[in-house]
Amino acid sequence: MFYDPMIAKLITWAPTRDGAIAAQIAALDAFELEGPGNNIDFLSAIMQHPRFQSGALTTGFIAEEYPDGFHGAPADAELLKTLAAVAAFAATAEADRARRIDGQLGKRLRPPADWVVTIDKTDHAVTVSTDGIMVDGEDLDLALEYTPGDRIMVADGHGTDGDEHLTIRIAKARAGFKLTTRGASHVARVLPARVAPYTAHLIEKVAPDLSKFLICPMPGLLVRLDVAAGDRVEAGQALAVVEAMKMENILRAEKTGTVKSVAAKTGDSLAVDQVILELD
């Protein structure tokens, strides 16, 4: 907390601004950084933003374009189809390795060819065969390579013209994979097509409501606390200011209520996700 939080500086060059931006996006996709928090996805989203690419920038760019915070760069339908193909391809490789365990009775079973990949609550029917990959009835001309345990995959052939090299960070997740590329992470649930229909009978776990808590979004110093226990606050009202990364961040109430308790005081060094106060 006493040092500059910069981990690395990335510089790309090309004969044109658009070329340098494209190189920057590709380089950010290929970054492998685990453990400490980072802003790789945010930087990638900025590089892809039409306003940044046009050069129409001001010091208010982030506040104007991300007034509700950053929640990942938007993904178009083509990218989601490619990610569905990548997830099914990786699942096929994992299933194939699982079927190569020694000492099995009878002949080795082949991995499933038909999968249902769910990304962002949308199901994609994917078929993986020696002839290629089909997503939602459409053949995708992709060149993929994956060995269980790989952390990076490259999808050659992505894009409208089929000449784009898409680098994807891949990690195992529950019932699938976490795929990170182009400024966002997508959790892909991958199930054999014969199993997927049964998920309709599973009860979805509802996340707890944390809107009554003011939570510190990053490690920092609490430099100002504007309310006390018993105070009435309105949605959007400034409650506290946290200094982090040489900037002061104003934390606001998500809803109207009364301050029930205060768990921190001015001058405290706060950890990420630490509760500052609670509302009734």
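Colleague: Which residue forms a salt bridge with glutamate 64, and how far apart are the closest N and O atoms?

Modeller: A salt bridge is a side-chain nitrogen of Lys or Arg within 4 Å of a carboxyl oxygen of Asp or Glu. Here glutamate 64 has arginine 51 as its partner, and their closest N and O atoms are 2.8 Å apart. The pair links distant parts of the chain, with glutamate 64 in helix H4 (residues 61–65) and arginine 51 in helix H3 (residues 50–54), 13 residues apart. Helices (H or I, at least four residues) and strands (E, at least two) are DSSP runs, numbered from the N terminus. This is a predicted model, in which local features need pLDDT of at least 70 and side-chain atom pairs count only at pLDDT 80 or more, while totals for chains, interfaces and linings use all residues. Residues are numbered from 1 along each chain as its sequence is written, and side-chain values use heavy atoms, with hydrogens and water left out.

Colleague: Is glutamate 64 buried, partly exposed or exposed?

Modeller: Buried means under 20% relative accessible area, exposed over 50%, and partly exposed in between (1.4 Å probe, protein chains only). Glutamate 64 has 48% relative accessibility, so it counts as partly exposed. Arginine 51 is buried, because its relative accessible area is 17%.

Colleague: How many salt bridges are there by this rule?

Modeller: The count comes to 14. One of them joins arginine 100 and aspartate 96, at 2.9 Å from N to O. Aspartate 96 is buried, its relative accessible area being 19%. Another salt bridge has glutamate 164 and arginine 182 as partners, at 2.4 Å from N to O. Glutamate 164 lies in strand S6 (residues 164–173) and arginine 182 in the loop between S7 and strand S8 (184–192), so this pair ties together parts that are 18 residues apart in sequence. Glutamate 164 is partly exposed at 25%, whereas arginine 182 is buried at 15%. Through shared partners, salt bridges join Asp29, Glu164 and Arg182 into one network.

Colleague: What describes a pair of aromatic rings?

Modeller: Such a pair is described by the distance of the centres and the angle of the planes. Rings of Phe, Tyr and Trp (its six-membered ring) pair if their centres lie within 6.5 Å; planes under 30 degrees apart count as stacked, over 60 as edge-to-face and the rest as tilted. By this rule there are five aromatic pairs. In one of them, the rings of tyrosine 146 and phenylalanine 177 have centres 6.5 Å apart and planes at 80°, so the pair is edge-to-face. Tyrosine 146 lies in the loop between strand S4 (138–140) and strand S5 (152–158) and phenylalanine 177 in strand S7 (residues 176–181), so the pair ties together parts that are 31 residues apart in sequence. Both tyrosine 146 and phenylalanine 177 are buried. Elsewhere, one aromatic cluster is formed by Phe42, Phe61, Tyr66 and Phe70.

Colleague: Where does the charged end of arginine 17 sit?

Modeller: A charge sits over a ring if NZ of Lys or CZ of Arg is within 6 Å of the ring centre and within 35 degrees of the ring normal. The charged end of arginine 17 sits over the ring of phenylalanine 52, 5.0 Å from its centre.

Colleague: What is the order of the open sheet of eight strands?

Modeller: Two strands pair if DSSP finds at least two bridges between them. The order is S4-S3-S2-S1-S8-S7-S6-S5, with antiparallel pairing. S4 and S5 stand at the edges, each with a single partner strand, so one side of each has no neighbour in the sheet. Within the sheet, strand S1 (residues 114–119) and S8 pair in the antiparallel sense over five bridges, and valine 117 stands opposite valine 190 in S8.

Colleague: What is the order of the open sheet of four strands?

Modeller: This sheet runs S13-S12-S10-S15, with antiparallel pairing. Strand S13 (247–252) and strand S15 (269–270) stand at the edges with a single partner strand each, so one side of each is left without a neighbour in the sheet. Strand S10 (residues 220–225) and strand S12 (residues 238–244) pair in the antiparallel sense over four bridges. Arginine 224 has valine 241 in S12 as its bridge partner.
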